[in-house]
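User: I'd like to learn how to read the features of a protein model. Could we go through one together, step by step?

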Amino acid sequence: MKKIEAVIRPTKFEDVKAALEAIGMVSMTVSEVKGRGEQKGVRQQWRGAEYVVDFFPKTRIEMVVPDETVDEVITVIVGAAKTGQIGDGKIFVIPVERVVRVRTGEEGEAALR
């Protein structure tokens, strides 16, 4: 099993969610986060004072999937989240050693469903 963490533009979340649901991937955890990368910062003015905004709103999607679905999930996320501009995001794939469903005690892939 692998944990997929995708950090994307908030405006693309609904597209990504719909694309994942279309392939049967409905279990996910979503967080509103801030981050920065190549886009660095932008200078803005407010009430005559100049300041730098260097962390931008992002949406982080986390999901644990069976090994055989990792490539498909990544392809779907990239296809739905890509705008071609700096700031589209990143996807991280992390090995998962064990999953336990709290309610039933099920383990492994059975706990993912």
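Analyst: Happy to! Tyr51 sits in strand 4, residues 49-53. Helices (H or I, at least four residues) and strands (E, at least two) are DSSP runs, numbered from the N terminus.

User: What should I know about the model itself?

Analyst: This is a predicted model, where local features need pLDDT of at least 70 and side-chain atom pairs count only at pLDDT 80 or more, while totals for chains, interfaces and linings use all residues. Residues are numbered from 1 along each chain as its sequence is written, and side-chain values use heavy atoms, leaving out hydrogens and water.

User: In what order do the four strands of the open sheet run?

Analyst: Two strands pair if DSSP finds at least two bridges between them. Here the order is 2-5-1-6, with antiparallel pairing. Strand 2 (29-35) and strand 6 (89-95) each have a single partner strand, so one side of each lacks a neighbour in the sheet. Further in, strand 1 (residues 2-8) and strand 5 (residues 56-65) pair over seven bridges; Val7 has Arg60 of strand 5 as its bridge partner.

User: How do I describe two packed helices?

Analyst: Two packed helices are described by the angle between their axes and the distance between the axes. Axes are lines fitted to C-alpha atoms, for helices over the stretch in contact, and angles run from 0 to 180 degrees between N-to-C directions. For helix 1 and helix 2, the axes come within 8 Å and cross at roughly 145 degrees. Contact means heavy atoms within 4.5 Å, and the residues making it include Val16 and Leu20 of helix 1 and Val73 and Ile77 of helix 2.

User: Which residues touch the most other members of the largest nonpolar core?

Analyst: In soluble globular proteins, nonpolar side chains tend to be buried together. A nonpolar core is a set of buried Ala, Val, Leu, Ile, Met, Phe, Trp, Tyr and Cys residues joined through side-chain atoms within 4.5 Å. The largest one here has 16 residues, and Val16, Leu20 and Val73 touch the most other members. Helix 2 contributes the most, six residues. Leaving aside neighbours within four places in sequence, Val73 is in contact with Ile4, Leu20, Ile23, Met25, Met63 and Val65.

Notes
Buried means under 20% relative accessible area, exposed over 50%, partly exposed in between (1.4 Å probe, protein chains only).
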